[in-house]
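I opened my notebook to look up a few spots in this structure. I wanted to know what sits beside what.

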Amino acid sequence: MSGRSTVFVRETSGLVKNVSTLDAVALNIGNMSAGVALFESISPYIQPGGVLWLASLIGFLFAIPQLIVYVYLNTKVPRTGGDYVWISRNLNGGLGSAMAMALMIESTAYFALIAFFTSSAINTVLTVIGEYQHSTSLLYIANNVIVNPYVTTPTLTQNLIIYGISALVFIIIILMNIFKAKWGYHIVTVLGIFSIFSLVLAMIVLGVNAGDFYSKISTFISANNLNVSIPSTKQSFLPPSISITATLFLLPFFALYTYPWMQAGPAVSAEFKGKKVLKWNLPIALIMTGLLVTGAFLEMDVVGGYSFNLQAYPTVIYNFWTASIAVASNPILQWIIGLGLIAWNIYILAYGVIVFSRYVFALSFDRVLPEKFSNVNKNGSPVFAHVLDLGLTLGLLLIPVFSLSAALALYGATILGSLYFLIVSVAGVKVGYKDRNHLLTIAGIVSAGYFAYLTYIAATNPDFGFMQANNTPNLITTSFVIGTLIVSFLIYHIAKISNKRKGIDISLAFKEIPPE
């Protein structure tokens with residue numbers, strides 16, 4: 001047996017090069033979650049003088065240095081696990097391993113929450129269409145069966161219904177990935193195309209109905225008892241005075257929930273069909289996300305007027321999706337847009353299943369995690385990695401059933417994401433210095449500074465869940481984040497000791513690039 005095969009589990013990964021440019025772009029757009037960003041994630045936090053579309057544009061511009069780092073490193077080292085490989089080979093194996101595991105644990109919790117709180121999207125669609133089509137059956141389901149956990153505290157029965165729906169969707173996605181890796185990518189691509197189509201359709205509907213927007217939205221405002229005044233005349237799309245402070249206050253929401261999440265494509269880059277996919281999947285996805293998010297928020301201000309939106313956004317119920325469904329009037333259009341909103345949530349789950357399994361695969365291939373997780377079936381699927389994902393997610397899905405406050409507190413774990421991207425940026429600086437690539441070095445430094453700032457914001461701003469309004473840490477979030485880091489580092493050291501007893505030094509793996 002060669003020294004190389006002793007270091008790694010085997011000499012080839014066994015994964016199949018099935019991923020086209022379209023698949024990779026769809027994977028990345030799902031990672032950046034444009035549709036969910038336009039739902040309840042960002043707009044409720046607007047402050048007087050803050051401009052959402054301007055904050056989105058600034059967030060897009062700040063994502064470019066990170067994009068340069070990711071495109072360069074992904075082109076240089078296109079391997080399963082992506083940025084985990086870059087960190088572990090350029091900085092430190094233990095650091096890379098622990099941070100990758102921490103990111104995966106945080107991501108699994110996030111995906112579980114997305115699965116559970118998809119009910120809020122379903123409830124919203126049923127409610128708005130029910131109000132406009134005067135459907136008592138839709139309103140009954142929305143009020144008594146699939147309730148919105150953000151608005152109404154569900155009963156145990158309602159929680160179990162939501163859990164059952166969420167678990168079923170997740171199980172179906174996992175099974176399709178297990179049967180054939182290519183099917184997993186097809187699900188992401190199909191969901192991505194429909195989700196983006198529905199978002200663009202919603203923008204068209206808003207534009208077409210701009211002339212009578214206020215008369216059509218008034219039904220929605222009154223039906224939901226929102227304390228929002230309907231203007232008698234068209235309003236300006238800009239505030240009386242743009243507040244740079246209030247606009248920059250919105251920037252971290254875009255930064256922590258949308259633009260920086262560009263690790264999906266690199267995580268599966270060993271499965272790309274050619275170099276063109278490596279070069280273009282991330283730039284295309286980032287540009288499309290920027291156009292969709294910035295364009296949608298700008299259109300909302302042009303159509304609804306800044307002052308009206310400033311009143312309505314903090315209600316949470318009013319947002320881009322509910323406004324577009326409300327003014328569509330036509331039930332067919334309403335259902336297409338509504339199903340698109342629901343599809344965005346499932347889209348996130350579908351991409352997450354793939355990306356999680358590839359990080360687990362890479363860690364297993366380096367012998368940090370048990371070798372079983374890098375086994376693939378005849379159709380190129382890492383079966384046991386998917387089974388691990390299923391078990392963790394179904395377990396974490398139980399948290400909202402018993403405690404919604406505990407579940408919402410887990411959103412504060414996004415601080416691990418900003419910390420992770422900070423470390424990737426540092427790896428970019430080191431590679432740039434070593435390769436004498438000044439553009440990469442500068443981009444890495446700017447990106448590292450940006451993520452250091454975002455990590456600070458995530459740790460101190462109560463709106464992100466890690467810190468409470470009384471300036472004390474949220475116990476649940478803090479325990480989850482610290483516990484995740486401790487467990488991740490422990491797993492690495494246990495693996496190192498365990499393999500050493502077998503005569504294998506896993507640190508040697510971090511001195512070589514793993515095979516494709």
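**Entry 1: Asn159**

I looked up Asn159 and found it buried, with a relative accessibility of 5%. The cut-off for buried is under 20%, so Asn159 qualifies. I note here that the model is predicted. Asn159 belongs to helix H8, which covers residues 156-179. What does Asn159 touch, leaving aside residues up to four places away in sequence? I listed Phe116, Pro154, Pro400 and Val401. With Val401 there is a polar approach too: a polar side-chain atom of Asn159 lies 3.1 Å from the backbone oxygen of Val401.

**Entry 2: aromatic rings**

I reminded myself that two numbers describe a pair of aromatic rings: the distance of the centres and the angle of the planes. How many aromatic pairs are there? The count comes to 29.

I picked out Tyr45 and Phe253. Their centres are 4.5 Å apart, with 15° between the planes, and the pair is stacked. Tyr45 sits in the loop between helix H3 (34-41) and helix H4 (52-76), while Phe253 sits in helix H11 (residues 244-257), so this pair ties together parts 208 residues apart in sequence. Tyr45 is partly exposed, at 29% relative accessibility. Phe253 is buried, at 0%.

Next I took Tyr492 and Phe510. Their ring centres are 6.4 Å apart and the planes meet at 45°, so I wrote "tilted". Tyr492 is in helix H22 (residues 475-501) and Phe510 is in the segment after H22, so the parts tied together are 18 residues apart in sequence. Buried or exposed, Tyr492 and Phe510? Both are buried.

I also noted one aromatic cluster, with Trp86, Trp261 and Tyr420 among its members.

**Entry 3: cavities**

Rolling a probe the size of a water molecule over the atoms shows where empty space is left. I counted 3 cavities of 30 Å³ or more.

The largest cavity has a volume of about 150 Å³. It is lined by 14 residues, and the closest to its centre are Asn31, Tyr110, Phe111, Trp261 and Tyr351. Helix H6 (93-133), H11 and helix H16 (331-365) each give two or more residues to this lining. Which element gives the most? H6 does, with 5 residues. By class, I wrote down 8 nonpolar, 5 polar and 1 charged for the largest cavity.

The second largest cavity has a volume of about 90 Å³. Its lining includes Ser13, Arg79, Tyr84, Asp366 and Pro514. Helix H5 (83-90) and H16 each supply at least two of the lining residues. The classes here are 7 nonpolar, 2 polar and 3 charged.

Definitions and conventions: Residues are numbered from 1 along each chain as its sequence is written. This is a predicted model: local features need pLDDT of at least 70, side-chain atom pairs count only at pLDDT 80 or more; totals for chains, interfaces and linings use all residues. Side-chain values use heavy atoms; hydrogens and water are left out. Rings of Phe, Tyr and Trp (its six-membered ring) pair if their centres lie within 6.5 Å; planes under 30 degrees apart count as stacked, over 60 as edge-to-face and the rest as tilted. Helices (H or I, at least four residues) and strands (E, at least two) are DSSP runs, numbered from the N terminus. Buried means under 20% relative accessible area, exposed over 50%, partly exposed in between (1.4 Å probe, protein chains only). A polar contact is a pair of N or O atoms within 3.5 Å; within protein, one must be able to donate a hydrogen and the other to accept it, and residues adjacent in sequence count only if both atoms are side-chain atoms. Contact means heavy atoms within 4.5 Å. On a 1 Å grid over the protein atoms alone, a cavity is a set of points where a 1.4 Å probe fits but cannot get out, and a pocket is an open set with protein on both sides within 12 Å along at least five of seven lines; lining residues have an atom within 4 Å of a point. Grid points are joined across faces, edges and corners, and a volume is the space filled by probe spheres set on the points. Ala, Val, Leu, Ile, Met, Phe, Trp, Tyr, Cys and Pro count as nonpolar, Asp, Glu, Lys and Arg as charged, and the others, Gly among them, as polar.
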